[in-house]
Amino acid sequence: AFKQTTYSFRRLSAEEAARVKPLRLIVVEARPGDTPERLGATMPFEDFNPDWFKLLNDIDPGQPLKSGQTIKVVAG
């Protein structure tokens with residue numbers, strides 16, 4: 001199945017490559033009042049941003065962030 005998937009790969013055109021915007025992973029400390037919902041809303045995904053934020057940071061549903069806690073945020 002993996003080999004079959006590779007048959008769909010192709011080179012990007014110059015125009016397609018120019019439109020690619022790399023994402024960056026930023027490591028920061030949580031500040032007082034930060035929540036997974038608020039920080040997740042800043043991530044550049046279209047749907048489920050708070051869920052992606054919790055997954056990336058191994059945060060359980062309902063688990064609050066602690067001030068000074070190291071967290072990862074995806075930036076465009």
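Predicted model: local features only at pLDDT ≥ 70, side-chain atom pairs only at ≥ 80, totals over all residues.
Colleague: Understood. Which residues form the nonpolar patch on the surface?

Modeller: Phe48, Trp52 and Leu55 form it, and together they have about 390 Å² of accessible area.

Colleague: Where is the place of Phe48?

Modeller: Phe48 sits in the loop between helix 3 (36–40) and helix 4 (49–56).

Colleague: And why does Phe48 count as exposed?

Modeller: Its relative accessibility is 58%, and exposed means over 50%. Trp52, by contrast, counts as partly exposed, at 43% relative accessibility.

Colleague: Staying with rings, how many aromatic pairs does the count come to?

Modeller: The count comes to 1 aromatic pair. Phe45 and Trp52 form it, with 5.5 Å centre to centre and 40° between the planes, and the pair is tilted.

Colleague: Changing topic to charges: how many salt bridges does the structure hold?

Modeller: There are 4 salt bridges. One of them joins the side chains of Lys54 and Glu37, at 3.2 Å from N to O. Lys54 lies in helix 4 and Glu37 in helix 3, so this pair ties together parts that are 17 residues apart in sequence.

Colleague: Is Lys54 buried or exposed?

Modeller: Lys54 is buried, because its relative accessible area is 16% and buried means under 20%.

Colleague: Which residue does Arg19 form a salt bridge with?

Modeller: Arg19 pairs with Glu15, and their closest N and O atoms are 3.2 Å apart. Both residues lie in helix 2 (residues 14–19), 4 residues apart, which is about one turn of the helix. Arg19 counts as exposed at 53% relative accessibility, and Glu15 is exposed too, at 57%.

Colleague: What about Arg10; which side chain does it meet in a salt bridge?

Modeller: The side chain of Arg10 meets that of Glu16, with an N to O distance of 2.8 Å. Arg10 is exposed, with a relative accessible area of 59%, whereas Glu16 counts as partly exposed at 21%.

How values were computed:
Residues numbered from 1 in each chain as written. Heavy atoms only, no water. Patch = residues over 30% accessible without salt bridge, like charges linked within 9 Å, V, L, I, M, F, W, Y side chains within 5 Å. Areas by Shrake-Rupley, 256 points an atom, 1.4 Å probe, with all protein chains shown as cover. Helix = DSSP H or I, 4+ residues; strand = E, 2+ residues; numbered from the N terminus. Buried < 20%, exposed > 50% of the residue type's maximum accessible area, 1.4 Å probe, protein only. Phe/Tyr/Trp six-rings, centres within 6.5 Å; stacked < 30°, edge-to-face > 60°.
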